[in-house]
Amino acid sequence: MTRSVTKLVTTPEDHRIARLAAAAIGLALIDAAIPLPLPGVKPGLSNIITLIVLARYGWETAAWVCGLRVIAGGILLGQLLSPGFFMSLTGALFSLMILAGAGRLPRRWFGPVSWSILAAFAHIGGQLVLARLWLIPHNGLFYLVPIFALAALGFGIINGLIAARLLRSPSFMNTEVHHA
Amino acid sequence: MHWLSLLRPGDWLVAVLGATVCALSFPLAWQSGHAEKAIVRRNGEVFAELSLSRNARIDVPGPLGTTTIAVERQRVRVVSDPGPHQYCVRQGWLERAGEIAICAPNEVSVQIVGGKENYDSLSY
């Protein structure tokens, strides 16, 4: 009997994506553990990683990290293929779409805080569309829009500031480069 | 390092835009007029108009039997209905302008209207 050996060739790029996705998944778990009064209002801490990846390695890597985080986070939280999973998938897709455009804005003027705010609004916008079409097909949902918008603005700014700060902190970024 | 130094000029612009969206979302989402009265319809025709400021209870005869509608503390609900599914009864209290409970089998509906009529749908 011949032994078949399946060899998986991984590139440094794969390793980087895996490591960053692991960090994002960790933050997603912390996110899920924070109690908040209203379903749908969440800090979205793992998006800090998405922002940093976007700034350092570009949109494609950011999309990989974000997608892996959504799927692996779904598995770890036991909500894979549940409504909550599709909500976070939709949010991630919408924010990645807007980040594709926002990442091209001139860096001199627009930084991670801009990306973060735009992505947060896209995130909640996409989720509202999905929720209205599928989960809560009633216009009463829109009474909550102001609350969601305020949360998107607040958490968007906070996450953007954290990402900007980490990007500027030499020690954090050196470790990053060192491991890569 | 000061947090504000992390903001670039465009970031302020985006933040102001976001704040504007937030500010605009309040009147847009919460405008729907003050709930003033409940309109009870039978077979599409107005059967009664009930002021929400006064508690009331009326019986509406329909093809299946009697639907009872009650106004209490600025709200209105279907108390009982002969229909098989009881959707309109289970809907509970209606309190905002535009809300409607329809007891389709008995052809009775009750809707709250406010000072400003909201569009239920638009088509061109």
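This is a short tour of a two-chain model, stop by stop, with something to select at each one.

**Before you start**

You are looking at a predicted model, in which local features need pLDDT of at least 70, side-chain atom pairs count only at pLDDT 80 or more, and totals for chains, interfaces and linings use all residues. Residues are numbered from 1 along each chain as its sequence is written, chains are lettered from A and ligands numbered from 1 in the order in which they are written, and side-chain values use heavy atoms, with hydrogens and water left out.

**Stop 1: chain A as a whole**

Select chain A and switch to a cartoon view. You'll find seven helices and zero strands; here helices (H or I, at least four residues) and strands (E, at least two) are DSSP runs, numbered from the N terminus. Walking from the N terminus, the order is α-α-α-α-α-α-α. The radius of gyration of chain A is 18 Å, close to the 16 Å that the globule rule gives for 180 residues, so chain A is as compact as a globular protein of that length. (The radius is taken over C-alpha atoms, and the rule is 2.2 Å times the number of residues to the power 0.38.) If you'd like a box around the C-alpha atoms, it is roughly 60 × 50 × 30 Å along the principal axes.

Now try a surface view. Chain A has an accessible surface of about 9800 Å², and 70% of that belongs to carbon and sulfur atoms. These areas come from the Shrake-Rupley method with a 1.4 Å probe, and for residues only the protein chains shown count as cover. Of the 180 residues, 41% count as buried. Buried means under 20% relative accessible area, exposed means over 50%, and partly exposed is in between (1.4 Å probe, protein chains only).

**Stop 2: helix 2 of chain A**

Select residues 47-57 of chain A. Which residues of this helix are buried? They are Ile48(A), Ile49(A), Thr50(A), Leu51(A), Ile52(A), Val53(A) and Leu54(A). Then step just past the end of helix 2 to Gly58(A), which has a positive phi of about 95 degrees.

**Stop 3: Leu130(A)**

Jump to helix 5 (residues 112-135) of chain A and pick Leu130(A). Leu130(A) has a relative accessible area of 19%, so it counts as buried. What does Leu130(A) touch, leaving aside neighbours within four places in sequence? Show Phe86(A), Met87(A), Thr90(A) and Leu135(A); contact means heavy atoms within 4.5 Å.

**Stop 4: where the chains meet**

Show both chains together. Here 23 residues of chain B are in contact with 24 residues of chain A. Between them, the two chains bury about 2200 Å², with 70% of it on carbon and sulfur atoms. That figure is the accessible area (1.4 Å probe) that two parts lose on being put together, summed over both. On the chain B side, select Trp3(B), Leu6(B) and Arg8(B): these lose the most area to chain A, together 25% of what that side buries.

**Stop 5: chain B as a whole**

Chain B has two helices and seven strands, following the pattern α-β-β-β-β-β-α-β-β along its sequence. Of its 124 residues, 35% count as buried. Chain B exposes about 7800 Å², with carbon and sulfur atoms supplying 54% of it.

**Stop 6**

Most residues other than glycine have a negative phi. Two stops here go the other way.

- Asn43(B) sits in the loop between strand 1 (35-42) and strand 2 (45-51). Its phi is positive, about 55 degrees, although it is not a glycine. Buried or exposed? Asn43(B) counts as exposed, at 54% relative accessibility.
- Gln86(B) lies in the loop between strand 5 (75-80) and helix 2 (87-90) of chain B. This non-glycine residue has a positive phi of about 65 degrees, and at 26% relative accessible area Gln86(B) is partly exposed.

At 48% relative accessibility, Leu64(B) counts as partly exposed. Not counting residues up to four places away in sequence, Leu64(B) touches Pro82(B), Gly83(B), Pro105(B) and Asn106(B). To finish, draw a distance from Leu64(B) to Gln91(B): they are 27 residues apart along the chain, and their C-alpha atoms are separated by 20 Å.
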